[in-house]
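Here are my notes on this model, as numbered points. Please read them with the structure open.

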Amino acid sequence: MRNRILSCAIFIALGALLAIGPYTIFPVCREGMMAMKCQNTARAELVVGALIAITGVLAALVKEWKIRVGINIVAATLGLLAFLLPNVLMGVCDNKHMTCRSLALPGISVVSIFLTAFAGVNALYLRKTRNREVT
């Protein structure tokens with residue numbers, strides 16, 4: 001029970017951080033007359049963060065260990081996607097003095113790496129303890 005609630009809370013918190021972080025805590029460039037790559041990255045992170053939060057809610061509702069392992073694998077994959085969006089797929093502004101390059105890129109990277117590592121370790125933990133009742 002503790003593992004399920006803890007993983008649920010961590011997934012929801014990290015999903016919310018990825019979703020609203022580029023608009024609040026580690027902001028991207030402000031929208032102006034010119035469309036910028038970082039703004040599109042922030043919109044994509046909003047969607048990925050919401051999916052991660054939904055994954056957290058599912059983790060709280062499901063008791064079957066096989067499904068919970070699958071949910072953790074999905075969360076790890078979404079964390080990897082959240083990392084790849086600003087670093088490889090969409091990118092941020094090229095100027096190193098822009099706020100998206102100095103704040104959003106490292107912030108999103110750290111949160112997504114932590115999410116991917118946590119989900120992977122939790123999936124391995126659930127698989128290892130499958131013979132015991134883990135609720």
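1. Start at Ser-112. This is a predicted model, and in it Ser-112 touches Gly-79, Ala-82 and Phe-83, leaving aside residues up to four places away in sequence. Ser-112 itself sits in helix α4. Is Ser-112 buried or exposed? Its relative accessibility is 1%, so Ser-112 counts as buried. The cut-off for buried is under 20%.

2. Now the overall fold. The protein chain has four helices and zero strands. Read from the N terminus, the order of elements is α-α-α-α. The C-alpha trace spans about 55 × 20 × 20 Å along its principal axes.

3. Burial and contacts across the chain. The protein chain has 135 residues, and 44% of them count as buried. Take the contacts between residues at least 6 apart in sequence: 74% of these join residues at least 24 apart.

4. Next, a helix pair. Two packed helices are described by the angle between their axes and the distance between the axes. Helix α1 covers residues 2–20 and helix α3 covers residues 65–89. They pack at an angle of about 20°, and their axes are 12 Å apart. That angle makes α1 roughly parallel to α3, because angles under 35 degrees count as roughly parallel. The crossing of α1 past α3 is left-handed.

5. Which residues make the contact of α1 with α3? From α1 come Asn-3, Arg-4, Phe-11 and Leu-18. From α3 come Arg-68, Asn-72, Ala-75 and Ala-82. By class, the residues of this contact divide into four nonpolar, two polar and two charged. Note Ala-82: this residue of α3 takes part in the contact with α1, and Ala-82 is also among the residues that Ser-112 touches.

6. Salt bridges. Side chains of opposite charge can pair when their charged atoms come close. How many salt bridges are counted here? The count comes to one. Asp-94 pairs with Lys-37, and the closest N and O atoms are 3.5 Å apart. The cut-off is within 4 Å.

7. Where the two partners sit.

8. Accessibility of the pair. Asp-94 has a relative accessibility of 65%, so Asp-94 counts as exposed. Lys-37 has a relative accessible area of 39% and is therefore partly exposed.

Definitions and conventions
Residues are numbered from 1 along each chain as its sequence is written. This is a predicted model: local features need pLDDT of at least 70, side-chain atom pairs count only at pLDDT 80 or more; totals for chains, interfaces and linings use all residues. Side-chain values use heavy atoms; hydrogens and water are left out. Axes are lines fitted to C-alpha atoms, for helices over the stretch in contact, and angles run from 0 to 180 degrees between N-to-C directions. Helices (H or I, at least four residues) and strands (E, at least two) are DSSP runs, numbered from the N terminus. Angles under 35 degrees count as roughly parallel, over 145 as roughly antiparallel, 65 to 115 as roughly perpendicular and the rest as oblique. A crossing is left-handed if the near helix is turned anticlockwise from the far one by less than a right angle, and right-handed if clockwise. Contact means heavy atoms within 4.5 Å. Ala, Val, Leu, Ile, Met, Phe, Trp, Tyr, Cys and Pro count as nonpolar, Asp, Glu, Lys and Arg as charged, and the others, Gly among them, as polar. A salt bridge is a side-chain nitrogen of Lys or Arg within 4 Å of a carboxyl oxygen of Asp or Glu. Buried means under 20% relative accessible area, exposed over 50%, partly exposed in between (1.4 Å probe, protein chains only).
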